[in-house]
Every structure is written in C-alpha cells, then in structure tokens.
Amino acid sequence: MSGTRTPAALVLEDGRVFRGAAYGARGTSLGEAVFCTGMTGYQETLTDPSYRKQIVVQTAPQIGNTGWNDEDDESSRIWVAGYVVRDPARTPSNWRATRSLDDELREQGIVGIAEVDTRTLTRHLREHGAMRAGVFSGDALAPVEELLDTVLASPAMKGADLAGEVTTSKPYVVPAEGQRLYRVAALDLGIKANTPRQLAKRGIEVHVLPATSSMDDVLAVEPDGVFLSNGPGDPETQRHAIELTSATLAREIPLFGICFGNQILGRALGLGTYKMRFGHRGINVPVLDTATGRVAITAQNHGFALEGEPGQRFESPFGAAIVSHYCANDGTVEGLRCQDVPAFSVQYHPEAAAGPHDANPLFDEFVGLMETKNA
Ligand SMILES: NC(=O)CC[C@H](N)C(=O)O
C-alpha cells in the first residue's frame, strides 16, 4: 500500500466492528456486506454491476497480486460500494498490469479497508446473514455509536431497485463476429461485457437496450431472441422487466436469462423470490442439472433466489415449466426451463470471465433455440 497507515473501521448493522487500515480511497461507504470466495478474478468482481451497493469481503487472504489491467473490466467502472481485504499486495506483478489495485480503488473513489480478519468476518456473515455495513476511514474516526447510526440509517438490499442506476443510457450494438446469423435484444439490467462478447462469438448481433426499453423498442430490433442480463438489487422490484419478459414469452420469441434474468423469468412464470441468508458469491459453486444428473462448477454472485424445489414441474401462464437446475450445496433453484415456449434461464454465469467455463455451452443452447424457431 502506498502512503502512511490511516485507520479504518468496518461497522456491521448488528454492532460488530472490525478495525483495520484504510485501503483505496479514504472516506465513508455504505452498503450490504457480502463475502466472495473467488481466489482469482477480483478485477471482474469489482467491475460487475451486480455488486452495486454492496461492500465486498474477499475471503482469499491476499488480494491485488496481479494489479489492475486495461483488459479485464466487466463494465466501465468499479461498482462495489466498499472493499474489504486482509492482506493487500505490496508489489503487484503481472505482465498485463498497468497499475496497482490500491491506485485504481483510489482513482475511482472506492473506500476500502485492509488488515481485517476476513475469516472471522465471513463466519459472522454466514451465521448472521449478509447485512448493512459501513466502511469508514480517516485519521479522526467518529465514535462507533455514531458510525453505527450512519449504518442503521442506510437502505437495505431487500426492496432495492438498482437496475436503473447501472443500465446503459442509450442502446448500443455489439456486432457479430464473422457472418451474422441472429439478432438478439439484450435487456441491460447490469450486463457484463463478456456476455455480448460470448453471443457475438456465436454469430449474434447484440442490441443492448436500456432497462426502461418498451416492448416496441425490443420488437424494433426484429430480434431472433431476447436476453435478460444479470443485475443488482431485489428482483421483486423489476416489474417492468417482468412484464417485458411475459410479452416476450407470449410471442414465443426465444429467451435466455442469466442470474437476475433467471429471477425475472421465474417471476414472470409465477414463482416467488426471497432474500437468501448469505447468498452465493464465488467461482466454484456446484450446480446439478436434473435432466442429466451432471454437475457443473459455476461462477455465481447472487443474494436472492427463486422459490422452488429441485426438479419441480409447475404450471405457469405460459404452459408447463421445470426447475431444471439446483445447487448441490443447499438445494436452491439454479435454473428454469419452459416446456411449451422457447425459454430457459440459469442463476449462474456461463460468461464467467475468470472462469470456470463448465456452463459456457449454455450460449450454444440459446443459439439452438433460435435455430429451431427459424427452421
Ligand atoms: N448477479 C446478479 O444478477 C444478481 C441478481 C440479484 N441482484 C441477486 O442478488 O440475487
């Protein structure tokens, strides 16, 4: 870390306090404290719009070893509210690095804290659940009671409507690589750069649309398929995206959803969503496909989940659907498949840029749906 040591504190809403050293920008950040278990991919994590309003705790003890590069961003900026690490790299080293993580956090005004016992903190969050928190740094920190009041006055993640804060302001097109086979309208609720890239690689021209786009905007693209992206906040707040999904299903346009997109498809099909105790955030979450019995190791980042049982078949306004995938760790819903309309979704990330790539063929399945529809 550059400069002299500045004190910092992480204050959780239940009154637990972790003291450490300022990391990144100095100041205050408020958000929901969540832990992420990925051993690699911190740059992709930090720039994932789904982390908006969250204070991310890295369980990997050393962070920043490979610095920051100009290639791995998942969006135009760092979205996490605050960052909690144990042991930041003193000397980053990687052939692609152009600066240190500490410098980048400072540059982007992200308030972090280092020298935290992240193992104890993670156990606390596992037991008591993800909760509101604040990172405070500076030479003269206010008394803990005052800091706690600030945390308690901040909004909770349940009921948070955040897609509008991260979506693109204007539509844009990511051209197909090689010959254009299909055109897809992608609703940007917090899309990561690797998603259009994965689609484009498969000959898809991707029209990324703002979250507020109407069905007419979607149809104006003349899409062969509709894609629902990942995104921050509570899926229950996404009434517009849910209506757009219903309109897409009614027209039988092939649809694929990832993460937030899975929750939105589920809600359009009549399932409920709930806030999990501490969610799934990492790059080694095992998911079971009920059709094949095969397990995929997946990247995940979610704090809400769909209600449902593994393998459950249910009736929806658009015909029958099944809970096609579930988490091998805790049995939560990880995927849906409609039986009567061309639509499916997963709670995990086939585009995962830091890997693993087990789920990557799901993009080919989406292409398959469009092929069948056009046959
Ligand atoms: N990565 C995502 O799309 C997250 C979806 C949703 N915001 C959740 O936390 O569950």
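Which residues does Glu351 touch, not counting residues up to four places away in sequence? I looked them up and found Lys192, Asn194, Thr195 and Gln198. Contact here means that two C-beta atoms, placed from the backbone, lie within 7 Å.

**Ground rules**

I am working on a predicted model, in which local features need pLDDT of at least 70, side-chain atom pairs count only at pLDDT 80 or more, and totals for chains, interfaces and linings use all residues. Residues are numbered from 1 along each chain as its sequence is written.

**Entry: the annotated site**

I started from UniProt. Its unreviewed entry lists Cys259, His349 and Glu351 under "active site". The UniProt positions are in the numbering used here, feature names are shortened, and annotations may be inferred rather than shown by experiment.

I placed Glu351 in the loop between strand S22 (343-346) and helix H10 (362-374). Helices (H or I, at least four residues) and strands (E, at least two) are DSSP runs, numbered from the N terminus. Is Glu351 buried or exposed? I count it as buried, because 26 other C-beta atoms lie within 10 Å. The scale runs as follows: buried is 20 or more other C-beta atoms within 10 Å of the residue's own, exposed is 12 or fewer, and partly exposed is in between, with C-beta atoms placed from the backbone.

In the loop between S22 and H10 I also found Pro356. The peptide bond from Gly355 to Pro356 is cis, with omega near -5 degrees.

**Entry: Cys259**

Cys259 sits in the loop between strand S16 (255-258) and helix H9 (260-268). I list Cys259 as buried, because it has 28 C-beta neighbours inside 10 Å. Leaving aside neighbours within four places in sequence, Cys259 is in contact with Ser50, Asn230, His302, Gln347 and His349. I noted its backbone too. Phi of Cys259 is near 60 degrees, a positive value in a residue other than glycine. Most residues other than glycine have a negative phi, and most peptide bonds are trans.

Glu252 lies in the loop between helix H8 (239-250) and S16. Glu252 counts as partly exposed, because it has 14 C-beta neighbours inside 10 Å.

**Entry: around the ligand**

Which residues surround the ligand? I listed Ser50, Asn230, Gly231, Pro232, Gly233, Cys259, Phe260, Asn301, His302, Gly303 and Phe304. A residue is near a molecule or strand if its C-beta atom, placed from the backbone, lies within 6 Å of it. Strand S18 (residues 295-306) gives the most to this shell, with four residues. By class, I get four nonpolar, seven polar and no charged residues. In this scheme Ala, Val, Leu, Ile, Met, Phe, Trp, Tyr, Cys and Pro are nonpolar, Asp, Glu, Lys and Arg are charged, and the others, Gly among them, are polar.

I followed up Ser50. It lies in the loop between helix H1 (42-46) and strand S4 (54-58). Ser50 is buried, because 29 other C-beta atoms lie within 10 Å. Not counting residues up to four places away in sequence, Ser50 touches Gly190, Asn230, Gly231, Pro232, Cys259, Phe260 and Asn301. Ser50 and Ser229 are 179 residues apart along the chain, and 9.9 Å separates their C-alpha atoms.

**Entry: two domains**

How many residues are in contact? I found 23 residues of domain 1 in contact with 21 residues of domain 2. On the domain 1 side, strand S3 (28-36) and helix H3 (118-128) each supply at least two residues. S3 gives the largest share of that side, three residues. By class, that side has eight nonpolar, seven polar and eight charged residues.

**Entry: a hairpin and a loop**

S19 (residues 313-316) and S20 (residues 319-327) pair in the antiparallel sense over four bridges. Strands pair if DSSP finds at least two bridges between them. S19 and S20 form a hairpin with two residues between them. I see Glu315 opposite Ala320 in S20.

Last, I checked Ser93, in the loop between strand S8 (87-88) and strand S9 (97-99). Ser93 and Gly67 are 26 residues apart in sequence and 6.5 Å apart in space, C-alpha to C-alpha.
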